[in-house]
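Here is a short briefing for a reader who is meeting this structure for the first time. Please look over the sequence and the model before turning to the points below.

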Amino acid sequence: MRSFSAWALALLLLIASGTLGFVFSLYTHREPPDEEVQSVQVFHYPALFVQQLSGDPRAGEKIYKEFCVSCHAKNPVIDVKAPQVGKEKDWRRRRTRKDLLARTIRGVGAMPARGGCFECSDAQLQLAIDYMLKK
């Protein structure tokens with residue numbers, strides 16, 4: 001009789017644990033309030049984004065923030081040992097602006113060709129490089 005009650009208690013605890021886990025998962029995966037949903041960018045149109053930058057005096061900064069910041073920020077989200085904005089020694093050994101543009105166009109190390117901005121013109125890439133060098 002004793003082994004049956006231990007078995008029944010174990011089964012009861014297992015059922016209770018599963019039920020509590022299910023209820024908790026429903027609570028944590030509920031739909032967010034409408035204001036959170038509206039702030040999420042659902043679509044990414046790089047060609048349209050780059051096209052809108054024509055003649056924009058802050059184009060280099062905007063391209064940096066859209067395509068470059070993940071790896072080149074002071075505290076990068078993706079740490080691939082890319083030169084970081086604000087660290088002059090990281091950029092000094094990479095020679096000239098022309099060389100930086102050539103490296104960006106062909107890609108280097110973990111950086112894809114054109115820095116991932118396939119829609120950017122060479123001039124727009126240069127603006128982003130210049131922005132990073134100034135910072």
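The notes that follow go from the overall fold to helix packing, salt bridges and individual residues.

This is a predicted model, and its protein chain holds seven helices and zero strands, so that the pattern read along the sequence is α-α-α-α-α-α-α. Of the 135 residues of the chain, 30% count as buried.

**Overall fold and surface**
- Among contacts between residues at least 6 apart in sequence, 40% join residues that are at least 24 apart.
- The accessible surface of the protein chain comes to about 10300 Å², and carbon and sulfur atoms account for 61% of this surface.
- Phe-4, Trp-7, Leu-11, Leu-14 and Ile-15 make a nonpolar surface patch of about 570 Å².
- Leu-14, one of the residues of that patch, lies in helix α1, which covers residues 2-28, and is exposed, with a relative accessible area of 59%.

**Packing of α4 and α7**
- Helix α4 (residues 59-72) packs with helix α7 (residues 122-134) at an angle of about 70°, and their axes are 8 Å apart.
- Because angles of 65 to 115 degrees count as roughly perpendicular, α4 and α7 are described as roughly perpendicular to each other.
- The residues making this contact include Glu-61, Lys-65 and His-72 on the α4 side, and Gln-124, Tyr-131 and Met-132 on the α7 side.

**Salt bridges**
- A search of the whole structure finds seven salt bridges.
- Glu-61 forms a salt bridge with Arg-58, with the closest N and O atoms 3.0 Å apart; Glu-61 is buried at a relative accessible area of 17%, whereas Arg-58 is partly exposed at 44%.
- Arg-58 and Glu-61 are also linked with Lys-65 in a network of salt bridges.
- Arg-103 and Asp-99 form another salt bridge, with the closest N and O atoms 3.0 Å apart, and both of these residues are buried.
- Because Arg-103 and Asp-99 are four residues apart in helix α6, they are separated by about one helical turn.
- Arg-114 and Asp-122 meet through their side chains in a salt bridge of 2.7 Å, N to O; Arg-114 counts as buried at 17% relative accessibility, while Asp-122 is partly exposed at 38%.

- Thr-104 is found in helix α6, which covers residues 97-106, and is buried because its relative accessible area of 13% is under 20%.
- Leaving aside residues up to four places away in sequence, Thr-104 touches Met-111, Pro-112, Ala-113, Arg-114, Gly-115, Leu-125 and Ile-129.

Terms used
Residues are numbered from 1 along each chain as its sequence is written. This is a predicted model: local features need pLDDT of at least 70, side-chain atom pairs count only at pLDDT 80 or more; totals for chains, interfaces and linings use all residues. Side-chain values use heavy atoms; hydrogens and water are left out. Helices (H or I, at least four residues) and strands (E, at least two) are DSSP runs, numbered from the N terminus. Buried means under 20% relative accessible area, exposed over 50%, partly exposed in between (1.4 Å probe, protein chains only). Contact means heavy atoms within 4.5 Å. Patches are made of residues with over 30% relative accessible area and no salt bridge: like charges are joined within 9 Å, nonpolar side chains (Val, Leu, Ile, Met, Phe, Trp, Tyr) within 5 Å. Accessible areas come from the Shrake-Rupley method with a 1.4 Å probe; for residues, only the protein chains shown count as cover. A salt bridge is a side-chain nitrogen of Lys or Arg within 4 Å of a carboxyl oxygen of Asp or Glu. Axes are lines fitted to C-alpha atoms, for helices over the stretch in contact, and angles run from 0 to 180 degrees between N-to-C directions. Angles under 35 degrees count as roughly parallel, over 145 as roughly antiparallel, 65 to 115 as roughly perpendicular and the rest as oblique.
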